[in-house]
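Student: Before we discuss the surface of this protein, could you show me the sequence and the model, and then let me ask what lies behind the terms used for it?

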Amino acid sequence: MRINFDRFREEFSDEAFLQKLPGDESIEQKRKFTLNLVDLMEIESKSYPFKKILGYVCEQARQNVLAESLRKIDVSGKVEKIIHGSWLTDIEADQGKHLLKDAIKNLPHAALLRMTLCSLYLHRIYWSHWKKDHKITLLEAANDAIRPLGREISASEMKKLIKSEPSEDD
């Protein structure tokens with residue numbers, strides 16, 4: 001958290017710096033590109049701790065035997081409820097999806113947190129789940145997370161793709 005992104009923005013938008021960059025783009029195009037890179041680095045560095053914790057819990061502690069204990073836990077706190085709902089949903093989609101939906105609904109507008117959740121759920125759909133119902137539940141959670149930001153995932157198209165995938169029995 002000691003990285004001074006404002007200083008990076010200042011240095012990377014300096015005309016002398018931009019003129020040294022390779023390419024035929026205009027100074028304004030180079031400035032826009034470098035500032036977008038700094039924004040991306042800042043978003044990634046600020047969201048990394050949360051993604052790391054939630055991703056680790058969901059991946060390393062995704063054993064079915066834990067579902068019963070998770071169902072019995074009563075947590076307080078908005079972030080704790082997100083972790084709890086995400087974890088249980090990752091183990092048993094049907095059991096956790098209502099907890100997760102409620103937790104997401106009760107989050108503040110917090111664009112960074114909502115985009116981080118969306119990104120994490122989409123990542124898990126692609127890399128961590130093979131069961132179609134788990135993928136669809138996480139897709140709905142990703143959409144719920146970003147909807148208050150005025151964004152939507154083309155969930156119907158993605159659901160069609162998920163449903164058309166071969167099942168484990170194929």
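**Pockets and a surface patch**

Tutor: Please keep in mind that this is a predicted model. The largest share of the lining of the largest pocket, six residues, comes from H3, and the elements that give two or more residues to that lining are helix H3 (27-60) and helix H7 (111-127).

Student: What makes a residue part of the lining of the largest pocket?

Tutor: A lining residue has an atom within 4 Å of a pocket point, and for the largest pocket the lining includes Tyr48, Lys52, Tyr56, His123 and Arg124. The space in this pocket is about 210 Å³, and by class its lining has three nonpolar, four polar and four charged residues.

Student: Which elements each supply at least two residues of the lining of the second largest pocket?

Tutor: Those elements are H3 and H7. The second largest pocket holds about 170 Å³ of space, and its lining, with Leu40, Ile43, Met115 and Thr116 among them, counts five nonpolar, three polar and two charged residues.

Student: Why is leucine 37 called partly exposed?

Tutor: Buried means under 20% relative accessible area and exposed means over 50%; leucine 37 has a relative accessible area of 37%, which lies in between, and therefore leucine 37 is called partly exposed. This residue is found in helix H3.

Student: Which residues form the nonpolar patch on the surface together with Leu37?

Tutor: Phe33 and Leu40 form the patch with Leu37, and together these residues have about 310 Å² of accessible area.

Notes:
Residues are numbered from 1 along each chain as its sequence is written. This is a predicted model: local features need pLDDT of at least 70, side-chain atom pairs count only at pLDDT 80 or more; totals for chains, interfaces and linings use all residues. Side-chain values use heavy atoms; hydrogens and water are left out. On a 1 Å grid over the protein atoms alone, a cavity is a set of points where a 1.4 Å probe fits but cannot get out, and a pocket is an open set with protein on both sides within 12 Å along at least five of seven lines; lining residues have an atom within 4 Å of a point. Grid points are joined across faces, edges and corners, and a volume is the space filled by probe spheres set on the points. Helices (H or I, at least four residues) and strands (E, at least two) are DSSP runs, numbered from the N terminus. Ala, Val, Leu, Ile, Met, Phe, Trp, Tyr, Cys and Pro count as nonpolar, Asp, Glu, Lys and Arg as charged, and the others, Gly among them, as polar. Patches are made of residues with over 30% relative accessible area and no salt bridge: like charges are joined within 9 Å, nonpolar side chains (Val, Leu, Ile, Met, Phe, Trp, Tyr) within 5 Å. Accessible areas come from the Shrake-Rupley method with a 1.4 Å probe; for residues, only the protein chains shown count as cover. A salt bridge is a side-chain nitrogen of Lys or Arg within 4 Å of a carboxyl oxygen of Asp or Glu. Buried means under 20% relative accessible area, exposed over 50%, partly exposed in between (1.4 Å probe, protein chains only).
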